[in-house]
Amino acid sequence: MILSRETPVVGPKAAAALQAFLDAPRPPQQMPDQTKIETMIARLAMATKERQTTLEEAHERLDLYWRVLRNVPLTDLRAAFDDLLRTCTFMPTPAEVLKACEARTARREFVVSRAKHLLWKHHTEWRPPVDADLVTRDELERIKAKVAAQLRA
């Protein structure tokens, strides 16, 4: 339901599940330290084709990756690196790694936003089903006769 493109008006049970999802504590977004980023970059470099660099260039490159990626939550960074390990044949640039991370972050934020939207829609548009027994048979016959008279006119 959350990842669907449809925007249904959800009932009370689904609304309660959405509220529970939104109320659940979110783990704090741990930020990576430089060592973690360097380890991920080194593994990615081993798994992809990489041109030979001097030690000084390699240190500078690691510093560039660190500067670009240090503000990305660690969970998104790890997931993006896993995706890149499966898909890249050449070493991605810092911008390409950041783009992969942003896709993960955007998806996580979309799910929360979508849950909020569906819950809002429930609160503003959901109405309990009407009980069919609220209209007596006599009232129903009068309504039918009135509608039939209007259609003939």
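## Helix packing, buried side chains and cysteines

His122 counts as buried, at 11% relative accessibility. The model is predicted. His122 has its place in helix H5. A polar atom of its side chain lies 2.7 Å from the backbone oxygen of Val10. Leaving aside residues up to four places away in sequence, His122 touches Val9, Val10, Gly11, Pro12 and Ala15.

Thr105 is buried, with a relative accessible area of 17%. Its side chain makes a polar contact with the side chain of Asp76, at 2.6 Å.

| Residue | Relative accessible area | Class |
|---|---|---|
| Cys101 | 1% | buried |
| His122 | 11% | buried |
| Thr105 | 17% | buried |
| Ala42 | 39% | partly exposed |

Next, the helix pair. How do H2 and H4 pack, and at what angle? Helix H2 covers residues 34–47 and helix H4 covers residues 74–87. They pack at an angle of about 5°. Their axes are 10 Å apart. An angle under 35 degrees counts as roughly parallel, and H2 and H4 are therefore roughly parallel to each other.

On the H2 side, the residues that meet H4 are Lys36, Ile37, Met40, Ile41, Arg43, Leu44 and Ala47. On the H4 side they are Leu74, Leu77, Arg78, Phe81, Leu84 and Leu85. By class, the contact has 10 nonpolar residues, three charged residues and no polar ones.

Ala42 lies in helix H2 as well. At 39% relative accessibility, Ala42 counts as partly exposed. Ala42 and Leu62 are 20 residues apart in sequence. In space, their C-alpha atoms are 8.8 Å apart.

Last, the cysteines. How many disulfides does the structure hold? The count is zero. The cut-off for a disulfide is a pair of cysteine sulfur atoms within 2.5 Å. Seen from Cys101, the closest cysteine sulfur is that of Cys88, again at 12 Å and too far for a bond. Cys101 is itself buried, with a relative accessible area of 1%.

Note on methods: Residues are numbered from 1 along each chain as its sequence is written. This is a predicted model: local features need pLDDT of at least 70, side-chain atom pairs count only at pLDDT 80 or more; totals for chains, interfaces and linings use all residues. Side-chain values use heavy atoms; hydrogens and water are left out. Axes are lines fitted to C-alpha atoms, for helices over the stretch in contact, and angles run from 0 to 180 degrees between N-to-C directions. Helices (H or I, at least four residues) and strands (E, at least two) are DSSP runs, numbered from the N terminus. Angles under 35 degrees count as roughly parallel, over 145 as roughly antiparallel, 65 to 115 as roughly perpendicular and the rest as oblique. Contact means heavy atoms within 4.5 Å. Ala, Val, Leu, Ile, Met, Phe, Trp, Tyr, Cys and Pro count as nonpolar, Asp, Glu, Lys and Arg as charged, and the others, Gly among them, as polar. Buried means under 20% relative accessible area, exposed over 50%, partly exposed in between (1.4 Å probe, protein chains only). A polar contact is a pair of N or O atoms within 3.5 Å; within protein, one must be able to donate a hydrogen and the other to accept it, and residues adjacent in sequence count only if both atoms are side-chain atoms.
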